[in-house]
Amino acid sequence: MSEFPGLLNYWLVIVMMMTGFYAMISRNNLIKKVIGLSIFQGAVYLFYITAGKVFAGTAPILEEGFSNYSNPLPHVLILTAIVVGIATVAVALALIMRIKDAYGTVEEDEIQHQDKIR
Amino acid sequence: MIATHLPILQVVIPLMAAPLCLLLRRPRLCWALSLAVSVIALVIALLLLGRALSEGPISYALGNWSPPWGIEYRVDVVNAFMLIIIAAIGTIVQIFAPRSISHEILPSQHTLFYTLYLLFLSGLLGVTITGDTFNVYVFLEISALSTYALIALGRDRRALTAAFRYLVLGSIGATFILIGIGLMYMMTGTLNMADMAQRLQPMLDSRTALAALAFLGVGLTLKLALFPLHIWLPDAYTYAPTVVTVLMGVVTKVWIYVFLRFAFTIWGQEFVFTEMHLQDLLVPLSLIGMLAASTAAIFQRNVKRMLAYSSVAQIGYMMLGVSFVSQTGLSGTIVHLFNHALLQAALFMALGAMLLRVGSPLLDDLRGIGRQMPWTMAAFVLGGLGLIGVPLTVGFISKWYFILAALEKGWWLVASLILLTSLLAVIYIWRVVEVAYFQQPDPNTTPVKEAPLSMQLPIWVLIMSILFFGISTKWTAGLAERAAAWLFGGGP
Amino acid sequence: MKDIIVLRVMAKFFLPLIMLFALYVQFHGDYGPGGGFQAGVIFAAAIVLYTLVFGLAAARKAFSNPILLTLSAIGVLLYAGTGVAALLRGGNFLGYGFLDRVPVQGQHLGIMLVELGVGLTVFAAMVTIFFAFVGKGRR
């Protein structure tokens, strides 16, 4: 298997992961940070699914005429991770809502500014 | 029949109690339930330790799927010891909780507090007991998500930003761990720790293995708050309700345990330390962490934040113990997991009792508190002495091991730095003592009463055990040595 | 939006279909792709659609907060309870095979109950989250 098409997914995973990571660190707006977090986690889902793909394999359902199946375990694992990801985003957004109530803003520098004044 | 199912009951009882608590709705009933569950968890952990000591590791197959395929719960001396720490601190905190949360958490959220606590407990117990790497991730997130919500229960609005920052950094750490586990799964095709350890050995020099080690290393050190990655910790500790702060002290310890599990059981100390020289990175980071955090603690005006920085320094000690890569150093780390759990719980709870009466953790507001709350302040001083490492307290036992391990290696500089940080601890504890005993209270404030019995009792139980385990080390240090020997033996 | 007749009629037409499909995904989960998580989300989508068209107050009448909390708690209890039931019948935790005298029957029963628990909790959690965010309103 040559490097280019075979490992393309992994390259994409890295690009996507770094995009999310960068957004998480550099953005000032808390909502954008959460979006970055989602992209970051999405990259990991893609990474697991890629790892589970078997070339020319079908969905792992027993059926006449198919003997080559993709590995279903990473899908199951990632289903769990997606649930966790949704929960994380929900908790994060709920926190942001309460931050907005308490501070009146969702910009990190303004929040820090308000805390310094007190 | 029950005996064979103890490993799963350890996790499932708190897990089932959490929704029950939600259904009960009455805070008082929820409190009774979570206290009962914590006590049961402690009893189960003690029974498991007894069995692990006499019969060797216990394995439990979930859903009757035998180990390499199904999820396995595996209890040996190391994690049985850790389970006891978690359950014991949980129990003590629950005795302390009702009075403490009565003024630190809104009454309408008390039921939620107990529900979250039970989820948190089952998450931590699950991380510790499981023998399956992906299961570690799942329980990690159960405990982490409940921690974020628990911190946000704090009444100060800065609790919200602290919780959010912890959420972002904690999720990065967790995702890094998930990537590391994924890479290891790609190489070995298994998630079971024991099986993975065997299959990983021939592939250790591949690039995938190195990437997995890097991801796991960063993820775990972020979670356990080693020096440069500790930035989430001080805010979260300071603005969370006191009971939550005590509980969070256990979280970092569980992550140190997971680090030990991955480094020694799965990767093997030969690869991690002899080939990869991870200690070359860990020793300086731990030392800088100890010095920087202790120094930062001296300059804090908020006592809670001061104790938070002291916790960062203590994490430095524990990671230093690991990076000696000797049985003495590792025993020191494991015994300090227990000892510091007692110390930080006692200190934060004494501070929580003062918060109940004074309403502020600032040093200026605690003037003259030593005469108004003599018992609580005495407990704080004794806990502080333990933190410094005065003989006859548990702190001395751990420091003894660390210094012994440093001298074994001939690292005189490291040994003297350990003593130096103890001196820094003397300074920051003394600042509180001075304010509490030698300064007059502000005449404009009304004098406060001593803390109620329901708070005194758990604090003094902790102080007594700090003194008891400082004198009789048979159970703590003896067990820690067995656990360290077990990890060095490379057993699963 | 409930004064727009097209939306009202189409929503009422789609709602039962969405719910029925959710139930199909729920109960077909042990034979084919599907299961509690997906079903719970699809069922919650029906409630989301209803809320968007008929307003939060109307949706709250059907699913008040105590009801949603109870549902999510019952879901977790059903899941863990199935596991404990297997434990009481002589198997390990979640050993579905022990739920019936015929192991295969027991496995069907076990997976069905567990998925039902998952479905209930996911549905309740999704709707709770949605209501919490929608309920804030604009100020």
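User: What is the mean pLDDT of chain C?

Analyst: This is a predicted model, in which local features need pLDDT of at least 70, side-chain atom pairs count only at pLDDT 80 or more, and totals for chains, interfaces and linings use all residues. Residues are numbered from 1 along each chain as its sequence is written, while chains are lettered from A and ligands numbered from 1 in the order in which they are written. pLDDT is the predictor's confidence in each residue, from 0 to 100. In chain C, 96% of residues reach 70 or more, and the mean pLDDT is 87.

User: Which element gives the largest share of the side of chain B that touches chain A?

Analyst: Contact requires C-beta atoms, placed from the backbone, within 7 Å; 21 residues of chain B and 25 residues of chain A take part. Helices are DSSP runs (H or I, at least four residues), numbered from the N terminus. Two or more residues each come from helix H5 (133-152) and helix H6 (158-188) of chain B. The largest share, 13 residues, comes from H6(B).

User: How many charged residues has the side of chain C that touches chain B?

Analyst: This contact takes 16 residues from chain C and 13 residues from chain B. Asp, Glu, Lys and Arg count as charged. By class, the chain C side has 10 nonpolar residues, 6 polar residues and, as for charged residues, none.

User: Which residues does B:Phe81 touch, not counting residues up to four places away in sequence?

Analyst: With those sequence neighbours set aside, the contacts of B:Phe81 are B:Leu49, B:Ile334, B:Leu479 and B:Ala483.

Technical notes:
Two residues are in contact if their C-beta atoms, placed from the backbone, lie within 7 Å.
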